[in-house]
Amino acid sequence: MQIIDAAKLISYLRNAHRGDLVDPEDVRRAITPQTLLISIMHANNEVGTIQPIAEIAAIARQHGIRFHTDAAQSVGKIPTKVDELVSIC
Ligand SMILES: Cc1ncc(COP(=O)(O)O)c(C=O)c1O
């Protein structure tokens with residue numbers, strides 16, 4: 001059995017921990033040929049950030065990378081319809 005150290009395979013954008021908005025261009029710069037998934041929280045109920053997921057999803061799409069967002073704090077409070085978010089890109 002091969003043990004994989006997942007921490008070595010994940011790139012974190014540190015500003016997301018400080019309550020700042022993630023710059024989609026930072027996401028683009030973090031992409032490598034090995035990137036399989038981009039994941040970001042949509043709304044953070046503790047610090048009040050609403051991340052630019054439509055722009056980040058567009059970058060993921062351009063690179064053929066799967067995109068995931070945790071919208072647990074945004075559904076029912078702010079627009080979260082995928083078709084509408086995608087159409088603004
Ligand atoms: C965006 C988001 N995702 C997930 C969770 C985790 O929720 P739970 O622990 O109820 O599964 C929280 C909790 O606040 C959250 O804000």
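Predicted model: local features only at pLDDT ≥ 70, side-chain atom pairs only at ≥ 80, totals over all residues.
**Overall fold**

The protein contains three helices and two strands, and their order from the N terminus is α-β-α-β-α. Taken along the principal axes, the C-alpha atoms fill a box of roughly 45 × 30 × 25 Å. Of the 89 residues in the protein, 11% are buried. Among contacts with a separation of 6 or more, 65% are between residues 24 or more positions apart.

| Item | Residues | Detail |
|---|---|---|
| Helix α2 | 53–62 | buried residues I53, I56, A57 and A60 |

Helix α2 spans residues 53–62, and its buried residues are I53, I56, A57 and A60. These four lie on the same side of α2, because they cover an arc of only 100° around the axis. An α-helix has 3.6 residues a turn, so residues three or four places apart point the same way.

The largest nonpolar core of the protein is made up of seven residues: V22, V27, I38, I53, I56, A57 and A60. Helix α2 supplies four of them, the largest share of this core. In soluble globular proteins, nonpolar side chains tend to be buried together.

One of the core residues is I53. Leaving aside residues up to four places away in sequence, I53 touches I40, H42, T69 and L85. After α2 comes G64, which has a positive phi, near 70°.

**The ligand shell**

Which residues surround the ligand? They are M41, N45, D70, A72 and Q73. By type, this shell divides into two nonpolar residues, two polar residues and one charged residue.

Is K81 buried or exposed? K81 has 9 other C-beta atoms within 10 Å, and a residue with 12 or fewer counts as exposed; K81 is therefore exposed. Along the chain, K81 and F67 are 14 residues apart, and their C-alpha atoms are separated by 15 Å.

Methods:
Residues numbered from 1 in each chain as written. Buried ≥ 20, exposed ≤ 12 C-beta atoms within 10 Å, placed from the backbone. Arc of directions from axis to C-beta. Near = placed C-beta within 6 Å. Nonpolar A, V, L, I, M, F, W, Y, C, P; charged D, E, K, R; others polar. Core = buried A, V, L, I, M, F, W, Y, C linked by C-beta atoms within 7 Å. Contact = placed C-beta atoms within 7 Å.
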